[in-house]
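Dear colleague,

Please find the structure below, handed over for your records.

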Amino acid sequence: MKLFTRTLLAAVALSFAAAPMAQAQQHGHDRKPGYASSWKKNDYNKKRHHWSKGQRYSDWKRRPPVRDYHRHGLRKPGRGQQWVKVDNTYLLLSVASGLILGVAAAR
């Protein structure tokens, strides 16, 4: 009887240990194809801008100005100018028109 009890207890203990592993393996196969990597696809599908001097940035009023420009390695903006961060780029803009006066890559 002791052998039967030990075998039964060992089987129950093994089932407790094996159940989470089996569930984890099954979980990976239940996903829809492309579901796990869909965020990566969307990230690459975003339109990337290549800003240059002379272009106009129309949405600049919605962006907060960069006040600590020295911390980001930017020069002090002149009168009527301000730095704004767009994606991973700093743009020096004319406050009056939104015209891009300078471009710097963010660190």
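**Aromatic pair**

The count comes to one aromatic pair, where rings of Phe, Tyr and Trp (its six-membered ring) pair if their centres lie within 6.5 Å, and planes under 30 degrees apart count as stacked, over 60 as edge-to-face and the rest as tilted. The pair is formed by Trp51 and Tyr57 in an edge-to-face arrangement, at 5.1 Å centre to centre and with 85° between the planes. Both Trp51 and Tyr57 are buried (buried means under 20% relative accessible area, exposed over 50%, partly exposed in between, with a 1.4 Å probe and protein chains only).

**Basis of the values**

Please note that this is a predicted model, in which local features need pLDDT of at least 70 and side-chain atom pairs count only at pLDDT 80 or more, while totals for chains, interfaces and linings use all residues. Residues are numbered from 1 along each chain as its sequence is written, and side-chain values use heavy atoms, with hydrogens and water left out.

**The sheet**

Three strands form an open sheet in the order β1-β2-β3, with antiparallel pairing. β1 and β3 stand at the edges with a single partner strand each, so one side of each has no neighbour in the sheet. From one strand to the next, the twist averages 25° (axes are lines fitted to C-alpha atoms, for helices over the stretch in contact, and angles run from 0 to 180 degrees between N-to-C directions). Strands, like helices, are DSSP runs numbered from the N terminus (E, at least two residues, for strands; H or I, at least four, for helices). Two strands pair if DSSP finds at least two bridges between them.

Strand β1 (residues 81-86) pairs with β2 in the antiparallel sense over six bridges, and Gln81 stands opposite Ser94 in β2. β1 and β2 form a hairpin with two residues between them. Asp87, which lies in the loop between β1 and β2, has a positive phi of about 55° although it is not a glycine. With a relative accessible area of 46%, Asp87 is partly exposed.

On its other pairing, β2 meets strand β3 (residues 100-105) in the antiparallel sense over five bridges. Here Leu91 stands opposite Val103, and Leu92 stands opposite Gly102. The hairpin of β2 and β3 has five residues between the strands, and Gly98 in this hairpin takes a positive phi near 80°.

How many residues of strand β2 (residues 89-94) are buried? Six of the six are, so β2 is largely enclosed by the rest of the structure. In a regular strand, side chains alternate between the two faces of the sheet. Both faces of β2 are covered, with Thr89, Leu91 and Leu93 buried on one side and Tyr90, Leu92 and Ser94 buried on the other.

**Salt bridges**

A search of the whole structure finds two salt bridges, each defined as a side-chain nitrogen of Lys or Arg within 4 Å of a carboxyl oxygen of Asp or Glu. In one, the side chains of Arg62 and Asp59 meet at 3.9 Å, N to O. Arg62 is exposed, with a relative accessible area of 69%, whereas Asp59 is partly exposed at 32%. In the other, the side chains of Asp68 and Arg71 meet at 2.9 Å, N to O. Asp68 is partly exposed, with a relative accessible area of 34%, and Arg71 is exposed at 65%.

**Surface patch**

Met1, Phe4, Leu8, Val12 and Phe16 make a nonpolar surface patch of about 620 Å². Patches are made of residues with over 30% relative accessible area and no salt bridge, like charges being joined within 9 Å and nonpolar side chains (Val, Leu, Ile, Met, Phe, Trp, Tyr) within 5 Å; accessible areas come from the Shrake-Rupley method with a 1.4 Å probe, and for residues only the protein chains shown count as cover. Met1 lies in the segment before α1 (2-30) and counts as exposed at 80% relative accessibility.

With kind regards
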